[in-house]
Amino acid sequence: MAEKLADYKFRTPIHIRFSDIDAVGHVNNAIYLTYFEIARFNYWKHAIDWNLSEHGIIVGRSEVNYLKPINLHDEIACYVRVVRIGNSSFDVMQVLVRITPHGEEICTTGKTVCISYDYTTNKSVSIPAREREQMIAYDEPRLILNTN
């Protein structure tokens, strides 16, 4: 499914480091997961105001679709939104774009299954009500599959 950037409200710049580049001059495939992690953290902090010191989040699964390579001197950004909310897990879509003189070009998409987690008991827990409501309100109910 082709992602529509118009469905995303949250966008954050991503800075490419020299150490992210592989021997052929592209961003190494493993680094994309780090870019997605940076973008998700910024989303939780700035858009959702998730209290990570009280309610943890762990990654259950990640999928990455590499569409076009990203190079050292590219300017990139990552769009983030929640696409499914369950009881203790939720799916986050991330879209990495290259910024060009002609607009934004989608280079990579990814889906991450995130799990609300209690580090004191080492168990998954229900998504906190405030954070659930914030994600739904921010990313619009029409765009989220609520499986709860």
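**Entry 1: salt bridges**

I began with Glu3, which forms a salt bridge with Arg81, the closest N and O atoms being 3.9 Å apart. I took a salt bridge as a side-chain nitrogen of Lys or Arg within 4 Å of a carboxyl oxygen of Asp or Glu. The pair links distant parts of the chain, with Glu3 in the segment before E1 and Arg81 in strand E3, 78 residues apart. Helices (H or I, at least four residues) and strands (E, at least two) are DSSP runs, numbered from the N terminus.

This is a predicted model, in which local features need pLDDT of at least 70 and side-chain atom pairs count only at pLDDT 80 or more, while totals for chains, interfaces and linings use all residues. Residues are numbered from 1 along each chain as its sequence is written, and side-chain values use heavy atoms, with hydrogens and water left out.

I checked burial for both partners: Glu3 is buried, at a relative accessible area of 12%, and Arg81 is buried at 7%. Buried means under 20% relative accessible area, exposed over 50%, and partly exposed in between (1.4 Å probe, protein chains only).

The structure holds 11 salt bridges. Another that I looked up is Asp74 with Arg98, where the closest N and O atoms are 2.6 Å apart. Asp74 lies in the loop between E2 and E3 and Arg98 in strand E4, so this pair ties together parts 24 residues apart in sequence. Arg98 is buried, with a relative accessible area of 12%. I also noted a network of salt bridges that links Lys68, Asp74, Arg98 and Glu105.

For Arg61 and Glu63, I found a salt bridge with the closest N and O atoms 3.6 Å apart. Arg61 is partly exposed at 46%, and Glu63 is partly exposed at 37%.

**Entry 2: cores**

I then looked up the largest nonpolar core, which has 30 residues; Tyr43, Phe90, Leu96 and Met135 have the most contacts inside it. Such a core is a set of buried Ala, Val, Leu, Ile, Met, Phe, Trp, Tyr and Cys residues joined through side-chain atoms within 4.5 Å. Elements that each supply at least two residues of this core include helix H1 (31-48), strand E4 (89-100) and helix H2 (129-139). The largest share, 9 residues, comes from H1. A second, separate core of 7 residues includes Ala77, Tyr79, Val83 and Val95.

I listed contacts (heavy atoms within 4.5 Å) for Phe90. Not counting residues up to four places away in sequence, Phe90 touches, among others, Trp44, Trp50, Ile57 and Met135.

**Entry 3: strand pairing around E5**

I counted strands as paired if DSSP finds at least two bridges between them. E4 and E5 run antiparallel and are joined by 12 bridges, and a hairpin connects them through 2 residues. Gln94 has Gly110 in E5 as its bridge partner. E2 (residues 56-66) is antiparallel to E5, with 10 bridges, and Ile57 stands opposite Ser116 in E5.

E5 and E6 form a hairpin with 4 residues between them. In its turn, Asn122 has a positive phi of about 55°. Asn122 is exposed, with a relative accessible area of 52%.

**Entry 4: Asp20**

I found Asp20 in the loop between E1 and H1. Asp20 counts as buried, at 0% relative accessibility. Leaving aside neighbours within four places in sequence, Asp20 is in contact with residues including His15, His26 and Tyr35.
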